[in-house]
Amino acid sequence: GVNMGLNFGGRRKEWKRHPLKGHAFKKLNEMDVPVATVIDVGILSSTEELIHAYRDKKQILIEPIAEFEQRIRETYDKAGVDYELIKVAATDADGDISMRTKSVRDGIEITHAQIAKTRDAAGEYRTVPGRRLDAIMGERSLAKPYLLKVDVDGAEMSVLRGAESILADCSVVCIEATMATFFERSEEIKRHGFQLFDIVDLCYYDDRLCQVDLIFLNQKIIIEKGYQIFGDGFDISKWKTYEPK
């Protein structure tokens, strides 16, 4: 997906909330939402917002495109993140799968990589190993709860189907969605006991909303920590109308 970027330089005296992944993760940390391990599915070369917000957490990086490995390792090593790079495609069944790569930007070799059921569309194709997240995480003894981020250019539902046994162990799920897939993906995650926390990184095409990232919070944490909106009554000082400037 398209990374809108975020300046964490702290130049402004007052931090202002915007609909961006980095700001949402900052708020989750302020709320003391527990995250012990990050599972980042489809990272291309890096997810800067997760590096910044969860630098001290183990990060499991799922990325099957070999061309990104050097940049991934350089970026995460430089940031001092404890990570494991797993060079597979997360999907709903173990076994080899076909992937299509393409670029929509000049000067960048690959901007998108997606699972391909056929090889009819333009682009380059390759075969990569596919694994269920259930299996990947089941082979490891990693601290819970997890933050799961999924950005795989169209195969997000397959990733979720392959992660059914670990979703209950996730405190946060962040997933990319288009306007055509927004409701299907939202309903699937809601079905597993999550509540929509934020809609971030809004992307427009021809001035029409085209793509967003959806961030969900585990309902159990909302109840345990008393994070229901208006749960303690309405406080006008907490109400803000979003202003981009």
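The model is a predicted one, in which local features need pLDDT of at least 70 and side-chain atom pairs count only at pLDDT 80 or more, while totals for chains, interfaces and linings use all residues. Residues are numbered from 1 along each chain as its sequence is written, and side-chain values use heavy atoms, with hydrogens and water left out.

The chain exposes about 13600 Å², of which carbon and sulfur atoms supply 49%; accessible areas come from the Shrake-Rupley method with a 1.4 Å probe, and for residues only the protein chains shown count as cover. Its secondary structure comes to seven helices and 11 strands, taken as DSSP runs (helices H or I, at least four residues; strands E, at least two) and numbered from the N terminus. Among contacts (heavy atoms within 4.5 Å) with a separation of 6 or more, 66% are accounted for by residues 24 or more positions apart.

Strand 9 (residues 170–178) is largely enclosed by the rest of the structure, because eight of its nine residues are buried. Strands count as paired if DSSP finds at least two bridges between them. Strand 8 (residues 146–150) runs parallel to strand 9 and is joined to it by five bridges; Leu148 has Val173 in strand 9 as its bridge partner. From strand 8 the chain passes through helix 5 (residues 156–161) to strand 9 in a right-handed β-α-β crossover, that is, with the strands pointing away from the viewer, the path from the first strand over the helix to the second runs clockwise. Strand 9 and strand 11 (residues 208–218) run antiparallel and are joined by seven bridges, with Glu176 opposite Asp213 of strand 11.

Gln59, in strand 2 (residues 58–62), counts as buried because its relative accessibility is 0%. Its side chain reaches two backbone oxygens, that of Leu50 at 3.2 Å and that of Tyr54 at 3.1 Å. Beyond its neighbours within four places in sequence, Gln59 is in contact with residues including Val38, Ile51, Tyr76, Val81 and Tyr83.

Asp134 is placed in helix 4 (residues 133–138) and also counts as buried, at 14% relative accessibility. The side chains of Asp134 and Arg132 make a polar contact at 2.7 Å; such a contact is a pair of N or O atoms within 3.5 Å, where within protein one must be able to donate a hydrogen and the other to accept it, and residues adjacent in sequence count only if both atoms are side-chain atoms. With neighbours within four places in sequence left aside, Asp134 is in contact with Gly162, Ala163, Glu164, Ser165 and Ile166.

The structure holds five aromatic pairs, in which rings of Phe, Tyr and Trp (its six-membered ring) have centres within 6.5 Å; planes under 30 degrees apart count as stacked, over 60 as edge-to-face and the rest as tilted. The Tyr76 and Tyr83 rings form a tilted pair, with centres 5.7 Å apart and planes at 55°. Tyr76 is buried at 0% relative accessibility, and Tyr83 is buried at 14%. A further tilted pair is that of Phe234 and Trp239, whose ring centres lie 6.0 Å apart with planes at 55°.

How values were computed:
Buried < 20%, exposed > 50% of the residue type's maximum accessible area, 1.4 Å probe, protein only.
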